[in-house]
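Visitor: Could you take me on a close look at one chain of this model, with the cut-offs spelled out as you go?

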Amino acid sequence: MITEALVLSAILFVLGTFGVLVRRNAIIMFLCIELQLNAVNLSFVAFSRMVGIEGQIFVFFVMTVAAAEAAVGLAIIISIFRHYETVNVNNFNLLKW
Amino acid sequence: MFQGGGAQAAAGDFEPFLPGLVVLLPLIGFLINGFLALKHARASAEAVRAGGELDLDGPGGRPATHTLPTWVGPGVMLGAFLITLVNFTSMLGAELHEPVVVEYWTWIATGTFTVSAALQLDQLSMIMMMVVTGVGFLIHVFSVGYMKDDPGYPRYFAYLNLFIFFMLVLVMGASYPLMFVGWEGVGLCSYLLIGFWFADREKADAGKKAFIVNRIGDFGFLIALFLLYTTFGTLDFAGVFGEAETGLLYGGGLVTAITLFFLLGAAGKSAQIPLYVWLPDAMAGPTPVSALIHAATMVTAGVYLVARSSVLFALSPVGSAAVAGIGVLTALFAATIALKQNDIKKVLAYSTISQLGYMFLGVGVGAYAAGVFHLMTHAFFKALLFLGAGAVIHAMHHAYHATHSHEDAQDMRNMGGLKSHMPITWITMWIATLAIAGIWPFAGFFSKDEIIWYTAAFGGAENAPFSALYTVYWIIALAAAMLTAFYMTRLMVLTFHGKNRTGAEEERHLHEVSPVMWVPLAVLAVLSIFGGWINVPEAIRMSFLGGFGALPMTEWLHHWLEPITAQAHHVQELHLGEVSHSSPFGGGELAWALISTIAAALVVVVSMRVIGGKTVVPARDDVEPTGFGKVLYNKWYVDEFYDRFIVQPIIRASRFSWKVIDATIIDGVVNAVGWGSRGFGWGISMFQTGSVNTYAFILTVGVLVILGVSML
Amino acid sequence: MTLILFYVFSAVAIGGALGVVLAKSPVGSLLFMVATLASLAGTFVLLEAHFLAAIQIIVYAGAIMVLFLFVIMLLNLGHDYQKDIKGGVFGILSFVVIGLMAGLLARQFSGGGGFAEGPGGVAIDAAIQEHGVVGAIAQPLYTTYVVPFEITGILLLVAIVGAIVLAKRRVN
């Protein structure tokens, strides 16, 4: 079961990365990052079957941090939206050469 | 400190008396005058640029800048001369066989090579010191009167004192490097003083020319120093001359190379062919400067060098013959140019070059004492001639100034009939003219005659090499002597005799110069009359030319310099054998002395008649000479030749280096590197797309790389 | 039995993930995400992490996803769907990259040969027996890991303050 869980975790992680690379909507990119975090959570839980309860404790913390990060990140996106009237990251190009 | 740390006392009891002070006093004079000059620098520079002179007749009279240098300038010279005199009399009493070297401190100390700051007191340096400080003092006094209208008065005396300082270092130095310090220093002061009126572009250029041509000579001097060092490992006189006879092969390539390079250096400093071109241009400086530097002292440095290195030159017959050849050729060449010059100072300049040629001839044939003797007498009468010319120019300038005319105050065609206006100058300059022409009993007769005689004596010696060549030298020397008599007489006639051509208005303003200017002339005149009586050989002394022994003539100088020339004489005796006692065309010393003085006197008288009979046109109405006279007037076009074949190619090469190599290639490469960096940076900046997706992509690729590397 | 359930949950999870990545509308992406989270919670249960499964539903699917939805609604993004998936060269390159990543991970896991239950699982079961499902996590959390726990609390405080400050409408 552990191996299958890890494979699932890998697939989800790869899909999340693909989403980050490809999507232009800032909020959806963020969502894909959450997907990646979940994949990692799954792998932690799988390994906790091998190693101990520490894996699950870590997942606990990851979820907390993810929540905090989501809150702040979305606040930032709202802030940017107020300036640009869009969340299309292609428009956030002030750092362009 | 002035007594020196280690005075090596020699045989006899000669204790040097404050020798360091002799050198130090002019330096102190330079510092004081220089400080004063700096304080008034701005005002003085503005005045020079405005081409102005000080208005001394106005309220205030002599300005404040004038008082201190008037006393300090000649004052330190008098002090130096008196101390030298004390040392001289002390040395007269003692029987000195080895030079006394007074060391002060170690200047260069690297491994095996040491040079200490040391002064050498021996007979040769003492003679030079007396000449430098004595004649120098008289010229300083003359300058007080000559330069009093000049706003650069303190600067002038500062430079003059600095020059004396360096000249004394040159003649008193106990090693070649120390001599070279003085050598370079006098070159520097020469530049500063020639270009004294720097606002005039021509005068400044003359200073540059002097310095640059000198530099070529300095190169020769340095190469010779390097060769000496590799041979002997030391450059002190004691070290080099002590090992010379054993360390160097007679007539060998090494010693010939050394002497030829020294000749190059001496030719630069003493204005011989081919490096004489700076001296006529150097007449752009104030006339007392010409008297001091370009007649009495600096230009004699080359002769001093050869005399000091006498043993080296004795060991190289080729080197000596080259020295003599260059000397006698220059003597003739310069004399021909002097025949056609109209500027009074230019005539004297070429005369100086010619007489220096005689000195070179003297030390070249091996008569070192005779060369030094002529150096001494030449200092007297040439300084007198230049100072007299200065007095004349001063008077002419004053006259033109009064009438606001812009004629050339130095052109002899504008002079004439000055003997009634400037009697003292007239008499003293005639004395100098007779001396330089070699008329008995004046100074030049004895010295010039001795040189010509020794050319025959050494040239006709038993084992002399190149004896035919020396015969040619002897003939040329006689010819040049006749030319000397002619052009000097021409100078005197054009300047002092005949009708006055300055102009009726100006003539009323011509008058004799002040005592501060004619007293030095008088002193030098006395020296020019009797100065030659200190080195008269036996044969002449006992004849009627010496009053059959009644006149107070001696052969003192020859004996005095014997310890110096002993080594060289030893080499000469070894290799040349017995000297000849008759000239190439027969006749002994006395006979030829008589012949040359009578011939010279004849030339003087005849030329007075011939030139006096011709009418001379004032400068503004005169026409260019034609034919051979034109060649002489244009100095045989040597300057033009140098310009075409040496200066212009160098300028072109420099321009090429500048425009092509430096500006285009080197700057281009540097700029290209800059451009490349900028381009590279621009290329890299393309990475900053500003697109978040791109950043995420690169991030992912980076993570992949790390993962891949860690897993492999 | 568990294996079959696991495959079902996996299928839903992967389908949901694909939906998240490829859906046109933001709300659609979000709903697919909720599906993924739910199936992941199921997977947690199958791995004997019951407490975490519950927390996953409550916190992740319930709070964070709702927050996302709030923001989407706030910014009025639920209406016009522009095509916002980057295609073209970039899409192909990204596909290559993630293919490489998948390959690397696969290599890692196939090299291991498979993982088996270890001593950790036994300990967890024992803890669950003794303290119950919640207690099994709470025990270490409040004893050994109490410092990180408290710091996380502070972190949440900071996040709250930050979110408020950042999102505040500027009062002109």
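Guide: The secondary structure of chain B amounts to 28 helices and three strands; here helices (H or I, at least four residues) and strands (E, at least two) are DSSP runs, numbered from the N terminus. This is a predicted model, in which local features need pLDDT of at least 70 and side-chain atom pairs count only at pLDDT 80 or more, while totals for chains, interfaces and linings use all residues. Residues are numbered from 1 along each chain as its sequence is written, chains are lettered from A and ligands numbered from 1 in the order in which they are written, and side-chain values use heavy atoms, with hydrogens and water left out.

Taken along the principal axes, the C-alpha atoms of chain B fill a box of roughly 120 × 70 × 55 Å. Of the 712 residues in chain B, 56% are buried. Buried means under 20% relative accessible area, exposed over 50%, and partly exposed in between (1.4 Å probe, protein chains only).

Now to the strands. Strand 2 (residues 100–110) of chain B and strand 3 of chain B run antiparallel and are joined by nine bridges; two strands pair if DSSP finds at least two bridges between them. One pairing to look for is Trp105(B), whose bridge partner in strand 3 of chain B is Ala117(B). The hairpin made by these two strands has two residues between them, and there Gly111(B) takes a positive phi near 55 degrees. Strand 3 (residues 113–121) of chain B is mostly covered, with eight of its nine residues buried.

Next, helix 25 (residues 589–613) of chain B holds Ser596(B). Ser596(B) is buried, because its relative accessible area is 12%. From the C-alpha atom of Ser596(B) to that of Met376(B), 220 residues apart along the chain, the separation is 21 Å.

Phe656(B), Val660(B), Ile661(B), Ile665(B), Ile666(B), Val669(B), Val670(B) and Val673(B) make a nonpolar surface patch of about 680 Å². Patches are made of residues with over 30% relative accessible area and no salt bridge, with like charges joined within 9 Å and nonpolar side chains (Val, Leu, Ile, Met, Phe, Trp, Tyr) within 5 Å. A salt bridge is a side-chain nitrogen of Lys or Arg within 4 Å of a carboxyl oxygen of Asp or Glu, and accessible areas come from the Shrake-Rupley method with a 1.4 Å probe; for residues, only the protein chains shown count as cover. Within the patch, Ile666(B) sits in helix 27 (residues 638–685) of chain B. Ile666(B) is partly exposed, with a relative accessible area of 42%.
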